[in-house]
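The report below describes a single protein chain, moving from its overall make-up to a few individual residues. The sequence and the model come first.

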Amino acid sequence: MLMPRQKTPDLLLPLLGGGTFDLSKDGAEKGTVVCFYRGLHCPLCATYLAELEKKTADFAERGVTTIAISSDGEDRARAMAEKIGAKALRFGYDLSLAKAKEWGLYISTSRGKTSIGIEEPALFSEPGLFMITPQQTLYYGSVQTMPFVRPHFSELVGALDFAIQNDYPARGEYEGAV
C-alpha cells in the first residue's frame with residue numbers, strides 16, 4: 001500500500017505525441033494528478049477522462065499537471081485521446097501490470113467485449129487517482145476495484161484550493177500500532 005508523505009513508485013512511460021513522462025522530473029509547481037484508467041474498452045473511463053480534460057486547465061492554474069495512464073498500447077491510447085477530444089490532457093501508455101501493482105492498482109481479467117463492443121485485454125488494471133507532490137510523495141490516493149463511483153475532479157480542484165491556502169498536509173500517514 002502506498003503511504004501518504006512517502007515516495008511513490010517511479011513512473012516512466014511513453015507519451016502520445018512523442019516524448020516520455022517521467023514522474024520524478026515532471027516539474028509541476030504544486031504536483032501531478034495521475035489518473036490510471038482501465039483502457040479504451042471502458043465507456044466509463046471515456047466519460048471520466050473527458051471530465052479530466054475539461055478540468056486540466058483548472059489544475060494548471062493551481063500549478064498542477066495532469067496525466068491519464070493505462071496499460072493500453074499506443075494505438076488504443078490514441079483512440080481514447082481522440083474519443084474524448086483531448087487537447088490538454090497528456091496520455092501515457094504501455095503501463096506494465098507489475099508497475100500497476102506497485103501503485104496498488106487492482107488487476108482484472110477479460111470478460112470479452114464490453115457494452116461498447118471493444119475487447120478487453122486479457123489482463124488490465126482497474127482505476128486509481130493520485131495527487132503526487134513535486135517531491136514525488138503521495139498527497140492523495142484513491143484506488144478502486146470497479147469502474148464505478150470515482151472521485152470527482154471538481155471536488156479535487158476545490159480540495160487543492162483549501163490545501164494550498166491552509167498548507168494542509170497529506171493525511172493517513174500513521175504507521176504505528178493501533
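How many disulfides does the structure hold? In this predicted model, the structure holds 0 disulfides.

**Overall architecture**

The protein chain is built from 4 helices and 9 strands, and these elements follow one another along the sequence in the pattern β-β-β-α-β-α-β-α-β-β-β-β-α. For 178 residues, a compact globule would have a radius of gyration near 16 Å, and the protein chain, with 16 Å, agrees with that expectation. The C-alpha trace spans about 45 × 40 × 30 Å along its principal axes.

Of the contacts in the protein chain with a separation of 6 or more, 67% are accounted for by residues 24 or more positions apart. Buried residues make up 47% of the 178 residues, while the accessible surface of the protein chain comes to about 9,100 Å², with 53% of this area belonging to carbon and sulfur atoms.

**Selected residues**

| Residue | Relative accessible area | Class |
|---|---|---|
| D10 | 40% | partly exposed |
| D94 | 44% | partly exposed |
| Q136 | 4% | buried |

D10 lies in the segment before β1 (12-14), and, leaving aside residues up to four places away in sequence, D10 touches K99, W103 and Q136. D10 and D167 are separated by 157 residues in sequence, and their C-alpha atoms are 25 Å apart in space.

Q136, one of the residues that D10 touches, is found in the loop between β8 (128-132) and β9 (138-143). Its backbone has a positive phi of about 65°, although Q136 is not a glycine. Why does Q136 count as buried? The relative accessible area of Q136 is 4%, and the cut-off for a buried residue is under 20%.

D94 likewise has a positive phi, near 65°, in a residue other than glycine, and D94 sits in the loop between β5 (90-92) and α3 (97-102). With a relative accessible area of 44%, D94 is partly exposed, whereas Q136 is buried.

How values were computed: Residues are numbered from 1 along each chain as its sequence is written. This is a predicted model: local features need pLDDT of at least 70, side-chain atom pairs count only at pLDDT 80 or more; totals for chains, interfaces and linings use all residues. Side-chain values use heavy atoms; hydrogens and water are left out. Helices (H or I, at least four residues) and strands (E, at least two) are DSSP runs, numbered from the N terminus. The radius of gyration is taken over C-alpha atoms; the globule rule is 2.2 Å times the number of residues to the power 0.38. Buried means under 20% relative accessible area, exposed over 50%, partly exposed in between (1.4 Å probe, protein chains only). Contact means heavy atoms within 4.5 Å. Accessible areas come from the Shrake-Rupley method with a 1.4 Å probe; for residues, only the protein chains shown count as cover. A disulfide is a pair of cysteine sulfur atoms within 2.5 Å.
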